[in-house]
Amino acid sequence: MSAGIGCRDLRVHAGGRELLSVPELHVASGRTLAVLGPNGAGKSTLLRALGLLSSHRVSGQILLDGRPATRSQMRDAIGAVLQRPILRRGTVADNVISGLRFRGVSRREARDRARPWIEALALGPLADRDARSLSIGEAQRVSITRALAAGPRVLLLDEPFTGLDSTTRADLLADLRAALTGQPTATIMVTHDRQEALALAEETALLIGGRIRQHGPTTDVLDQPGDPDTARLLGYTNLLPPALTGLAETLVARPEHTRLVLDSHDEHDDDTRSVTGTLRRTVALGIATRVDVDTSAGPLTCLHPGDVLATELPPTGGEVRVRIRHARSLNDADQDEPAARLASGTRASTP
Ligand SMILES: Nc1ncnc2c1ncn2[C@@H]1O[C@H](COP(=O)(O)OP(=O)(O)OP(=O)(O)O)[C@@H](O)[C@H]1O
């Protein structure tokens, strides 16, 4: 029997259509899975179905420690943190112990068990504050602490960092990661943010259109898109089909690895490392300059660090060359050798 949460042949229907189809998924105790997907992918649908919290038509098996779970078993096992924290009346400390109280733990024991979590999540200074006076970031910290303090076997996190400023988010992510380390909790976090997956989860599943397209160690999954949809989700938004590169496979590249060839910046220019197109527009983004280029095979986005002087750029509608500094082959999990050839110029790639 494998400890943790999972499902088999899970399908969710609503409004006359299938929202989710997951043949198999398992998150072991002590592990964290990030479910990464764009808006509408079915992330919350999956989380609710796994927690037996769905109001839709659900078929298949939800497994707790390898066995089909009843609602009451699941209720006892899970802690959930939603996008918007829902706190009760009372102080921060009252809220943190409420999960334990709900499970029948006495007030005194609940206080003792909650104390280390309040310290670990740096809530000590706020413990006596009225929960209604908290900022959204503080309230989410309380919500996470409440869930952890109850000692859940399964922790379900539904985009818990949405709406937090970047510093608050980074601090909370680090505190949560530290708090989960060594705990026998199977954690599933749904998110649309790659950085959150990287910071928190050993494993990542890519969910698109209600189906898991890729699943594996986070660092592998985030850097090995298998198809154009997962490439886009992972930030490889530039698609380079064979018609454009002259190579056999489709390559994908991140905008930050795609640059205009500007003579003064690129003295060792080499035609074979580049593709040509028409400059559509330039947008100054403060720390970077975005240049959109139309090629014969579709649009490309270039991202240049800093300001590119307008005088260095050809006019809108002018012909430009775009250099791909690093690209990956789709479906090439081990090595981006064709991409390396494009980058090193050993095969002609100018259309
Ligand atoms: N009752 C319903 N009837 C029909 N479709 C529904 C219903 N509830 C949800 N959906 C659809 O299911 C899909 C998945 O929704 P879900 O909320 O799980 O996506 P998500 O990945 O969590 O999105 P987001 O990141 O925007 O929160 C969406 O296309 C949504 O419109």
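For the residue classes used here, Ala, Val, Leu, Ile, Met, Phe, Trp, Tyr, Cys and Pro count as nonpolar, Asp, Glu, Lys and Arg as charged, and the others, Gly among them, as polar. The views below come from a predicted model.

**View 1. The shell around the ligand.** By those classes, the shell splits into eight polar residues, three nonpolar and one charged. Who's in it? The ligand has A14, G15, L19, G37, N39, G40, A41, G42, K43, S44, T45 and H192 around it. Helix α1, residues 43-50, is the top contributor here, giving three residues to the shell.

**View 2. Helices α5 and α6 packed together.** Here α5 (residues 136-149) meets α6 (residues 166-180) at about 10°, and the two axes sit 11 Å apart. Angles under 35 degrees count as roughly parallel, so α5 is roughly parallel to α6. On the α5 side, the contact uses G137, Q140, R141, I144 and L148, while α6 brings T168, L172, L176 and A179. Sorted by class, that contact comes to five nonpolar, three polar and one charged residues.

View 3. Strand β9 covers residues 203-208, and five of its six residues are buried. With β3 (residues 32-36), β9 pairs in the parallel sense through four bridges; look for L36 bridging to L206 of β9. With β10 (residues 211-217), β9 runs antiparallel, joined by six bridges, and T204 has G216 of β10 as its bridge partner.

**View 4. The turn of the β9-β10 hairpin.** Two residues lie between the strands of this hairpin, and G209 takes a positive phi near 60°.

Terms used:
Residues are numbered from 1 along each chain as its sequence is written. This is a predicted model: local features need pLDDT of at least 70, side-chain atom pairs count only at pLDDT 80 or more; totals for chains, interfaces and linings use all residues. Axes are lines fitted to C-alpha atoms, for helices over the stretch in contact, and angles run from 0 to 180 degrees between N-to-C directions. Angles under 35 degrees count as roughly parallel, over 145 as roughly antiparallel, 65 to 115 as roughly perpendicular and the rest as oblique. Two residues are in contact if their C-beta atoms, placed from the backbone, lie within 7 Å. A residue is near a molecule or strand if its C-beta atom, placed from the backbone, lies within 6 Å of it. A residue is buried if 20 or more other C-beta atoms lie within 10 Å of its own, exposed if 12 or fewer, and partly exposed in between; C-beta atoms are placed from the backbone. Two strands pair if DSSP finds at least two bridges between them.
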